[in-house]
Amino acid sequence: MDSNTQNPGSALTVTRFSDLKPPLSETVLEALSQAGFKFCTPVQAATIPLLCSFKDVAVDAATGSGKTLAFLIPIVEILRRSSSSPPKRHQVMGIIISPTRELSSQIYNVAQPFISTLPNVKSMLLVGGVEVKADVKKIEDEGANLLIGTPGRLYDIMDRMAVLDFRNLEILILDEADRLLDMGFQKQINYIISRLPKLRRTGLFSATQTEAVEELSKAGLRNPVRVEVRAETKSLSTSVSSEQLASSKTPSGLHLEYLECEADKKASQLVDLLVKTKSKKVIVYFMTCACVDYWGVVLPRLNALKRFSLIALHGKMKQTAREKALATFTSLSSGILLCTDVAARGLDIPGVDCIVQYDPPQDPNVFVHRVGRTARLGRQGSAIVFLLPKEEAYIEFLRIRRVPLQERKCIDDVVDVVPQIRSAALKDRDVMEKGLRAFVSFIRAYKEHHCSYIFRWKELEIGKLGTGYGLLQLPSMPEVKHHSLSTEGFTPVENINMDDIKFKDKSREKQRKKNLQTKKEREQQESKPEKPERATYAAAPVMKKKTAKQRRAAQTIEDEEELTREYRLLKKLKKGAIDETEFAKLTGTEDLV
């Protein structure tokens, strides 16, 4: 069902919340009015009546279209009219599942004014970052009727707590369903659904409809009504084709551009762009957590950005640090958030003017969610993605997916910031080490691109890439040793011993020196007994000299085994089974980073 009640150039329809059928309760209408909501967005106008009329829905809507209220309002109305109202303390009437802690927290906070209109209904936020025992105790003491959380924690609580009663559950909501599946939560979702009664209402909300989402829809929904709400694009220039104007998966007020430049120029172009948007609220996306850590340390040290508010946010930060970073950026009128895709989905950060994708996402479906952090609910916004010359096929790929981009010219006379980055690395080992980690993590993440026919890692010009990262020397890594990746365009800093670079932090430097001394002593001890052993083996008559062919064959097998082992370790790293420090130790790159 396509929604066609949208006003031209507006994110709202002519439908008031008070006009919806079946009618909403007076307390909900009052809560909406107090929050400043009078008119529905297309997705709200289409979805609320369906869920309130005992229908299952599968909703495909552009990001920033008001999906959260589209399922929260029906939940409140359904719980109000339930035969079990008011519910018993441990009687669960509704569940909302979303992929990240931040999104679950946001849904929980948005829900509170509406939940408060229900007598004796207790909502509970269940996310990681908090001891599961604390959640268990809180549920036991206070009860829980509406669970809002991430699949992992919900699964854990449902598995541990026999006291929770799901027999009368009225409604299940799966928000950002495509992302739930992309992040590997299929097992947990299947378990949660298996514990719920079949006679319930289910809402599946997603910005992209994939095969996996379709399968989930078949398994969890009964004869769902499909709701598709598309944002009409505006004419941005006369060069935009009529085909591009037809319909778009991105918000109508969003101006989308791409900037094509060489890897060694990217950092300078980014700084120039951030200076030009000084008075605005900007989100910059990077490929990995290590990249966010690095640029979060480097950018504030550059002359042009010294007075800017720069905040880092990624999935490996502690929960309290993530919440603080998000709250700080939300409160700013202007500033820069450097982040990974942890902030790409669902979060409604007010007043974001511009999205910069310094690295395109590994999953092309995430592109839409990244740019959807701006131009929300009819507002204006801009988004820019950086592309290397060999990645230009991505522009046509996105156009086919109804995401048209316009070209933004690369500025020729920008200040080269690479010397400043290298200077910062020479003065502080922390910058140097973070740069190496970021560089290595980027290459390994690049190998995992879903669009590998566009983002071909074996064609990466790592010389230019290393220069763009401001590295002092290129690290020795298997991807470089075993593949002829171009190191052209990189000039290492001469007459520098990497071990001589000190930490600015005196306590860290003291610990580093202590570690170096311990390592040196251990190597000296280990080297003593090895000498007679080598002599014994050398004298053994059974050892035969291998032919050149045998040596090459043995080396090939050894190389393949090393690559296979490192690929397994990389998968473990991605799953969170090991951290980056362990990964570095196991791959023998700890001395480099």
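This is a predicted model: local features need pLDDT of at least 70, side-chain atom pairs count only at pLDDT 80 or more; totals for chains, interfaces and linings use all residues.
Residues are numbered from 1 along each chain as its sequence is written, and side-chain values use heavy atoms, without hydrogens or water. Local features need pLDDT of at least 70 and side-chain atom pairs count only at pLDDT 80 or more, while totals for chains, interfaces and linings use all residues.

The protein has 22 helices and 14 strands. These are DSSP runs numbered from the N terminus (helices H or I, at least four residues; strands E, at least two). Of the 593 residues, 52% are buried. Buried means under 20% relative accessible area, exposed over 50%, and partly exposed in between (1.4 Å probe, protein chains only). The accessible surface comes to about 28,500 Å². Carbon and sulfur atoms hold 50% of that surface. Among contacts (heavy atoms within 4.5 Å) with a separation of 6 or more, 76% are between residues 24 or more positions apart.

The largest nonpolar core has 135 residues. Such a core is a set of buried Ala, Val, Leu, Ile, Met, Phe, Trp, Tyr and Cys residues joined through side-chain atoms within 4.5 Å. Val284, Trp295 and Tyr469 touch the most other members. Helix H17 (residues 429-446) gives the largest share, 10 residues. Domain 1 (15-227) and domain 2 (252-480) both contribute, so this core lies between them. The domain bounds come from an automatic or database domain assignment. Leaving aside residues up to four places away in sequence, Tyr469 touches Cys291, Tyr294, Trp295, Ile421, Gly435, Ala438, Phe439 and Phe442. Another core, of 32 residues, lies apart from the largest one. Its members include Ala58, Met161, Ile189 and Ile192.

Salt bridges number 25, each a side-chain nitrogen of Lys or Arg within 4 Å of a carboxyl oxygen of Asp or Glu. Arg201 and Glu170 form one at 2.8 Å, N to O. This pair links distant parts of the chain, 31 residues apart. Arg201 is in strand E6 (residues 201-206), and Glu170 is in the loop between helix H6 (151-160) and strand E5 (171-174). Arg201 is buried at 8% relative accessible area. Glu170 is also buried, at 17%.

Arg370 and Asp341 meet at 2.6 Å, N to O. Helix H14 (residues 365-371) holds Arg370, whereas Asp341 sits in the loop between strand E11 (335-339) and strand E12 (354-357), 29 residues apart. Glu461 and Lys464 pair at 3.6 Å, N to O. Here Glu461 is partly exposed, at 26% relative accessibility. Salt bridges with shared partners join Glu77, Arg80 and Arg81 into one network.

Notes: Accessible areas come from the Shrake-Rupley method with a 1.4 Å probe; for residues, only the protein chains shown count as cover.
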